[in-house]
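I opened the model to look up a few packing details. My notes follow the order in which I checked them.

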Amino acid sequence: MKISKGFKSFIGISMIKIFTLIGVFIVFYLIGYIFVKGISVINLDFLTKHPSNSMTEGGVLPAIVGSFYLTFLSVIIAIIPGIATSIYLNEYANKGFLVDFIKVSINNLASVPSVVYGLFGLGVFVNYFKFGVSLLSGALTLSVVILPLIISSTLEALKAIPNSLREASMALGATKWYTIRNVLLPIALPSIITGIVLSLARAAGETAPILFTAAVFYMPELPDSIFSEVMALPYHIYALISEGTHPEKQVPIAYGSSLVLLGVVILLSGVAFYVREKSRRIYDKIGH
């Protein structure tokens, strides 16, 4: 019996809808589960005080501040090399096997397990450069983690710009660098910002890269220099679950910390979504 194309299309679309619903259900179930488990400990004291009484009371302020420092310092370190690399590969480098190989390698770096980056940071930044376990070592390691994302997003943004704009600018007597700086980068900026915000979200949630390079179980004070050790929400959660000696009190705190971290990541992802939609409208106007 021959199956009609319409029936095949119906089956295909139905399967897509079913798997989409399953994915959405899993995401909302996880968010709801963490919310229910963690909301009971969320209050002003939890967000503004230090841990106390063997990590069974108090708040997570040092972990929030440490995550903030690590995340934003890593992005600041990675922005200029990431954008500069993208500009060179897309605008200056001669197209060929070597450039294609570099682009594929950059994409592959995004799939490297995080623990490998952690060991890299331990060997290079902590031991070789003698930065020790510090905010600087952790931020440098995270910058290597997010660098492929920034490069890829910037490359895609530059590729999406029609060549006619480059040719028009050059025809008017503008130099290549002037065209890049005043024509291409302003158009690509929304997508570049989207990549940067997404890299912020990824850096905020990483545990393995800071496990060996920056994070400690407890600090009585906030970090006062780039060479200070730091607490961070991802490692704080890991430590409470795996090393806590009072699980009946520390597990709820771990869920509360997870909820705070999840809120930060969702907020950053929401900003990225808004910027991406804005950038699409800009490209649509250019296309028309």
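Which residues does Ser258 touch, not counting residues up to four places away in sequence? I looked, and Ser258 touches Ile34 and Ile237. I note that this is a predicted model.

I then placed the serine. Ser258 is in helix α11, residues 247-287. Is Ser258 buried or exposed? I read 16% relative accessibility for Ser258. Buried means under 20%, so Ser258 counts as buried.

Next entry: a helix pair. I looked up α3 (residues 61-92) and α10 (residues 233-243). Their axes come within 8 Å. They cross at roughly 135 degrees. Angles over 145 degrees would count as roughly antiparallel, and 65 to 115 as roughly perpendicular; α3 and α10 are therefore oblique to each other.

Which residues of α3 and α10 meet? On the α3 side I found Ala63, Ile64 and Ser67. On the α10 side I found Leu233, Pro234 and His236. I sorted the residues of this contact into four nonpolar, two polar and no charged.

I found one cavity of 30 Å³ or more. The largest cavity has a volume of about 30 Å³. Its lining includes Ser67 and Pro234, and I had already listed both in the contact of α3 with α10. Also among the lining residues are Leu70, Thr71, Leu142, Glu206 and Ile210. I noted that α3 gives the most to this lining, with three residues. α3 and α8 (176-205) are the elements that give two or more. I sorted the lining into seven nonpolar, two polar and one charged.

Definitions and conventions:
Residues are numbered from 1 along each chain as its sequence is written. This is a predicted model: local features need pLDDT of at least 70, side-chain atom pairs count only at pLDDT 80 or more; totals for chains, interfaces and linings use all residues. Side-chain values use heavy atoms; hydrogens and water are left out. Axes are lines fitted to C-alpha atoms, for helices over the stretch in contact, and angles run from 0 to 180 degrees between N-to-C directions. Helices (H or I, at least four residues) and strands (E, at least two) are DSSP runs, numbered from the N terminus. Angles under 35 degrees count as roughly parallel, over 145 as roughly antiparallel, 65 to 115 as roughly perpendicular and the rest as oblique. Contact means heavy atoms within 4.5 Å. Ala, Val, Leu, Ile, Met, Phe, Trp, Tyr, Cys and Pro count as nonpolar, Asp, Glu, Lys and Arg as charged, and the others, Gly among them, as polar. Buried means under 20% relative accessible area, exposed over 50%, partly exposed in between (1.4 Å probe, protein chains only). On a 1 Å grid over the protein atoms alone, a cavity is a set of points where a 1.4 Å probe fits but cannot get out, and a pocket is an open set with protein on both sides within 12 Å along at least five of seven lines; lining residues have an atom within 4 Å of a point. Grid points are joined across faces, edges and corners, and a volume is the space filled by probe spheres set on the points.
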